[in-house]
Every structure is written in C-alpha cells, then in structure tokens.
Amino acid sequence: MPSSVGHGLAALSAGWALAGVAVARRARLIQAALLVAIGAAPDLDLLWGRHSRETHSMGAAILVASVAAWQRWPVASTRWRIWLAVCAAWLTHPVLDALALDTSVPLGITAFWPWSHEYYQTGLSVFGPISRRYWLDNFWSMNLASIGKELILLGPVTAGVWWKKRSQRAMEDTGALHGSL
Ligand SMILES: [Zn+2]
C-alpha cells in the first residue's frame with residue numbers, strides 16, 4: 001500500500017484535473033490541502049481497526065463526494081464539479097492500493113462496498129509496500145524506497161496537471177483582460 005505522499009499526489013492530480021479553474025491564490029491553497037487530505041483519508045480506518053474495508057471503496061467515494069457537494073467544500077466552484085473532483089480524489093486511494101503489493105492480511109481492498117464485501121487486489125506491484133512495523137531493521141530503507149518510487153511515478157503527473165491548470169488560468173486572465181478593455 002502506498003504512503004500518504006503517493007496518495008496525496010494522486011488525489012491532487014485527479015482533483016485538480018476535474019475541479020475546473022479556482023480563482024484566488026488562497027482558495028487554491030485550501031483546494032490543494034483538501035484534496036491531499038481526501039487522498040489520505042481512507043487510511044484513517046486504521047484507527048478503528050477496519051483497514052482496507054469500507055473507506056477503500058466506490059461506495060465511500062460516492063458518499064463523501066455527495067456530502068462535499070451538499071456542504072459545498074471549497075474544492076471547486078459548482079456542486080457538480082465538487083462532486084466529481086472529490087469522488088475522483090477519493091477513488092485514487094483504493095486504485096493506488098490495488099496497484100501496490102499488499103503484505104498484511106486481509107489482502108486487497110473491498111473496492112465495491114456496499115455492493116460486495118469481497119476483497120480485491122490486482123496482484124500488481126507498481127507501487128512499493130509501506131511498512132508500519134517500525135521496530136524492524138528495514139523499516140526506513142523499505143519505506144523511503146517506496147516513497148521515492150511514488151515520487152518518480154506520480155510527481156511528473158501532478159506537475160503536468162498543475163502546469164496545464166496554470167496555463168489555463170493564464171489564458172482565462174488574458175481573456176478577462178481583453179474582455180474588460
Ligand atoms: Zn489505504
């Protein structure tokens with residue numbers, strides 16, 4: 001299962017791609033912080049001992065996105081865009097988990113909860129495992145190697161989406177300037 005770094009980057013990329021253009025600089029910071037938090041949030045299930053279950057599913061993504069749209073979380077300007085961005089950002093979490101080697105039982109995630117309680121995993125290990133067994137010798141070396149891999153694989157994607165949004169904003173600003181002349 002990837003680290004919060006990988007989950008944050010993936011959620012940021014998906015959320016940014018679907019949120020449309022945010023306006024003020026302050027609003028952009030809040031949007032980014034929220035998207036990163038949404039990407040990492042499914043792992044809060046470790047706190048109540050139901051890891052990789054309900055929160056790691058399509059059902060949870062739909063629920064959280066619906067609450068976000070209803071409460072108008074500051075992720076996008078319209079309710080529909082908020083729903084899309086939050087749903088996609090949340091979904092990146094189970095997708096990434098399914099693409100990483102799972103070393104702790106139960107293996108996989110209940111991706112299709114509440115429609116199915118079965119655990120799914122792709123068997124692929126695109127991302128490295130993250131260990132929570134801090135007392136073992138390889139804790140740091142293994143986790144740092146996995147985080148490095150996440151940065152190499154996901155960093156360019158996030159940077160690309162950010163760059164595209166930046167140029168879109170610049171184009172809209174120019175358009176608005178011409179419109180006001
Ligand atoms: Zn997870």
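Q: Which residues does Val86 contact, leaving aside its neighbours within four places in sequence?
A: In this predicted model, Val86 is in contact with Ile38, Val64, Ala65, Ala68, Trp73 and Val75. Each pair is called a contact because the two C-beta atoms lie within 7 Å.

Q: What makes Val86 stand out in the largest nonpolar core?
A: The core has 37 residues. Val75, Ala85, Val86 and Trp90 touch the most other members. Helix 1 (4–19), helix 2 (25–40), helix 3 and helix 4 (79–98) each supply at least two residues of this core. Helix 4 gives the largest share, 11 residues. In soluble globular proteins, nonpolar side chains tend to be buried together.

Q: Which residues make the contact between helix 1 and helix 2?
A: Helix 1 uses Ser4, His7, Gly8, Ala10, Ala11, Leu12, Gly15 and Ala19. Helix 2 answers with Gln31, Ala32, Leu35, Val36, Ile38, Gly39 and Ala40.

Q: What makes helix 1 roughly antiparallel to helix 4, in terms of their angle?
A: Helix 1 and helix 4 pack at about 150°, and their axes are 8 Å apart. The label applies to angles over 145 degrees. Helix 1 is therefore roughly antiparallel to helix 4. Helix 1 passes helix 4 in a right-handed crossing. On helix 1 the contact is made by Gly6, His7, Ala10, Ala11, Ala14, Gly15, Leu18 and Ala19. On helix 4 it is made by Arg81, Leu84, Ala85, Ala88, Ala89, Thr92, His93 and Leu96.

Q: Why are helix 2 and helix 4 called oblique to each other?
A: Their axes come within 7 Å and cross at roughly 40°. An angle under 35 degrees would count as roughly parallel, and 65 to 115 as roughly perpendicular. The value lies between those ranges, so helix 2 and helix 4 are oblique to each other. The crossing of helix 2 and helix 4 is right-handed. Leu35, Ile38 and Gly39 of helix 2 meet Val86, Ala89, Trp90, Thr92 and His93 of helix 4.

Q: How do you know whether Ser52 is buried or exposed?
A: Count the C-beta atoms around it. Ser52 has 27 others within 10 Å. The cut-off for buried is 20 or more. Ser52 is therefore buried. Ser52 is in the loop between helix 2 and helix 3. Its phi is near 70°, a positive value in a residue other than glycine.

Q: Is Arg72 buried or exposed, and what makes it so?
A: Arg72 has 12 other C-beta atoms within 10 Å. Exposed means 12 or fewer. Arg72 therefore counts as exposed. Arg72 is found in the loop between helix 3 and helix 4. It has a positive phi of about 50°, although it is not a glycine.

Q: Why is Arg169 called partly exposed?
A: Arg169 has 14 other C-beta atoms within 10 Å. Exposed needs 12 or fewer, and buried needs 20 or more. The count sits in between, so Arg169 is partly exposed. Arg169 lies in helix 5 (residues 139–180). Arg169 and Gly20 are 149 residues apart in sequence and 9.7 Å apart in space, C-alpha to C-alpha.

Q: What is the peptide bond from Trp113 to Pro114, cis or trans?
A: It is cis, with omega near 5°. Pro114 sits in the loop between helix 4 and helix 5.

Q: How do you know what pattern the chain follows?
A: The chain has 5 helices and 0 strands. Read along the sequence, the pattern is α-α-α-α-α. The C-alpha trace spans about 65 × 35 × 25 Å along its principal axes. Buried residues make up 35% of the 181 residues. Of the contacts with a separation of 6 or more, 66% join residues 24 or more positions apart.

Q: Which elements have the lowest and the highest mean pLDDT?
A: Helix 5 has the lowest, 88. Helix 3 (residues 58–71) has the highest, 98. The mean pLDDT of the chain is 91. In all, 96% of its residues reach 70 or more.

Methods:
Residues are numbered from 1 along each chain as its sequence is written. This is a predicted model: local features need pLDDT of at least 70, side-chain atom pairs count only at pLDDT 80 or more; totals for chains, interfaces and linings use all residues. Helices (H or I, at least four residues) and strands (E, at least two) are DSSP runs, numbered from the N terminus. pLDDT is the predictor's confidence in each residue, from 0 to 100. A nonpolar core is a set of buried Ala, Val, Leu, Ile, Met, Phe, Trp, Tyr and Cys residues joined through C-beta atoms within 7 Å. Axes are lines fitted to C-alpha atoms, for helices over the stretch in contact, and angles run from 0 to 180 degrees between N-to-C directions. A crossing is left-handed if the near helix is turned anticlockwise from the far one by less than a right angle, and right-handed if clockwise.
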